[in-house]
Amino acid sequence: MSTTATAGSPGSATDRRTARERLLDAANELFYAEGVHTVGIDRIIEHAGVAKASLYSTYGSKDELVRAYLVLRHERIQARIERHVAAHTDPRERVLAVFDAQAERFAEPGYRGCAFTAAAAESEPGSAAVEETENYRAWLVGVLTELSREAGAREPEALARRLQMIYDGAGLAIRIDRAATAGPDARDAAATLLDAALA
């Protein structure tokens, strides 16, 4: 197989990304599409167009590259949710905006389910994948708790846990069942639960 780099491709003269950026971009693409353990280091290095030493000098290990991949995913989800929430001043709509953000993600080409669920399912306790999944999930329930409190829910922590279950279920429904209405259905279910908590 030819390894000649074409203009603009990873490792080419016109690819201005750093080795760190190229490795992370390659990991993001391959890990999400195929799984964190299915994809080996050699494939990431080839896809990124960098030397093997670059991976170890930049990330130290594959486990830490997995961590960086999930941190990137977390940051993108956080930015999307914050954007949707900030678009509303009504406290009820701010809670439901979390589900609008999720539906937006569902509509993007190449959506293959929750990166955290997939990575954690493949990984051992104590691994970077499991640690970052726990961090992400704690952050999400924290956001839902705070928004539920702002909306005036009687038991915001309990409501947030239940809303997170709807959020999780929607992700599975669209990934496994290919349920085209998973986004709006999750929002409707969340609204019903929220309204009951506010009554």
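Guide: Residues are numbered from 1 along each chain as its sequence is written, and side-chain values use heavy atoms, with hydrogens and water left out. This is a predicted model, in which local features need pLDDT of at least 70 and side-chain atom pairs count only at pLDDT 80 or more, while totals for chains, interfaces and linings use all residues.

Visitor: How many helices and strands are there in the chain?

Guide: Helices (H or I, at least four residues) and strands (E, at least two) are DSSP runs, numbered from the N terminus. The chain has nine helices and zero strands. Its C-alpha trace spans about 65 × 35 × 30 Å along the principal axes.

Visitor: What percentage of the residues count as buried?

Guide: Buried means under 20% relative accessible area, exposed over 50%, and partly exposed in between (1.4 Å probe, protein chains only). By that rule, 44% of the 199 residues of the chain are buried. Contact means heavy atoms within 4.5 Å. Of the contacts in the chain with a separation of 6 or more, 63% are accounted for by residues 24 or more positions apart.

Visitor: Which residues of helix α2 are buried, and why are they said to be on the same side of α2?

Guide: An α-helix has 3.6 residues a turn, so residues three or four places apart point the same way. In α2 (residues 41-48), the buried residues are I41, I44, I45 and A48. Because they cover an arc of only 95 degrees around the axis, they are on the same side of α2; the arc is that of the directions from the helix axis to the C-beta atoms. The cover over these buried residues includes α1, α3 (52-58) and α4. Just after α2, G49 takes a positive phi of about 70 degrees.

Visitor: Which residues are buried in helix α6?

Guide: In α6 (residues 115-122), they are A115, F116 and A119. Seen down the axis of α6, these buried residues fall within an arc of 90 degrees, so they line one face of the helix. They pack against α1 (19-34), α4 (62-86) and α7 (128-151).

Visitor: What does R80 contact, leaving aside its neighbours within four places in sequence?

Guide: R80 is found in helix α4, and with a relative accessible area of 13% R80 is buried. With those neighbours left aside, R80 is in contact with A101, E104, R105 and E108.

Visitor: Is D63 buried or partly exposed?

Guide: D63, found in helix α4, counts as partly exposed because its relative accessibility is 35%. Leaving aside neighbours within four places in sequence, D63 is in contact with S127 and A128. D63 and P125 are 62 residues apart in sequence and 13 Å apart in space, C-alpha to C-alpha.
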